[in-house]
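Colleague: I am new to this structure and would like to learn how its features are read. Could you take me through them in order?

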Amino acid sequence: RYFSPLIDFEKAYHIVNWDVMEGLFFRLSFLVQWIRVVALFYREAFSSVLAGGGQTRKFSISHFVHQGCPLVPFLFLLVVETFSMYFVKEFVHKLAS
């Protein structure tokens, strides 16, 4: 039997969190210095909203993707490639058993 996974990349694109990305960076042997620089943009990020002439309290940004960040397409491709490698590995494993 064969299966064809369907992934909604639009939704997946917005829910990848920093812990997953950090683990992926280490697993793919990225330089620790590079991981730290990327972490500066994403770990413990906060924002606030201007509304009704005032500014809200700061709140934590809980998801990994930040709108307008130039690294996002690259980081997203890393996640997609990882999903792809996982599915290929699982598919080959199923064929072998």
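Modeller: We will go through the core, the aromatic rings and a surface patch in turn.

Modeller: This is a predicted model, in which local features need pLDDT of at least 70 and side-chain atom pairs count only at pLDDT 80 or more, while totals for chains, interfaces and linings use all residues. Residues are numbered from 1 along each chain as its sequence is written, and side-chain values use heavy atoms, with hydrogens and water left out.

Colleague: Which residues have the most contacts inside the largest nonpolar core?

Modeller: In soluble globular proteins, nonpolar side chains tend to be buried together. A nonpolar core is a set of buried Ala, Val, Leu, Ile, Met, Phe, Trp, Tyr and Cys residues joined through side-chain atoms within 4.5 Å, where buried means under 20% relative accessible area, exposed over 50%, and partly exposed in between (1.4 Å probe, protein chains only). The largest one here has 13 residues, and those with the most contacts inside it are W18, M21, F25, Y42, L75 and L78. Helix 2 (18–27), helix 3 and helix 4 (72–96) each supply at least two residues of this core, helices being DSSP runs of H or I with at least four residues, numbered from the N terminus.

Colleague: What is L78 in contact with, leaving aside its neighbours within four places in sequence?

Modeller: With contact meaning heavy atoms within 4.5 Å, L78 touches M21, L24, F25, L28 and F30. L78 lies in helix 4 and counts as buried because its relative accessibility is 14%.

Colleague: How many aromatic pairs does a search of the whole structure find?

Modeller: Rings of Phe, Tyr and Trp (its six-membered ring) pair if their centres lie within 6.5 Å, and planes under 30 degrees apart count as stacked, over 60 as edge-to-face and the rest as tilted. The search finds four such pairs. The rings of F25 and W34 have centres 5.0 Å apart and planes at 85 degrees, so this pair is edge-to-face. W34 also forms an edge-to-face pair with F74, at 6.0 Å centre to centre and 80 degrees between the planes. That pair links distant parts of the chain, with W34 in helix 3 and F74 in helix 4, 40 residues apart.

Colleague: Is F25 buried or exposed?

Modeller: F25 is buried, with a relative accessible area of 0%, whereas W34 is partly exposed at 28%. F25, F30, W34 and F74 form one aromatic cluster.
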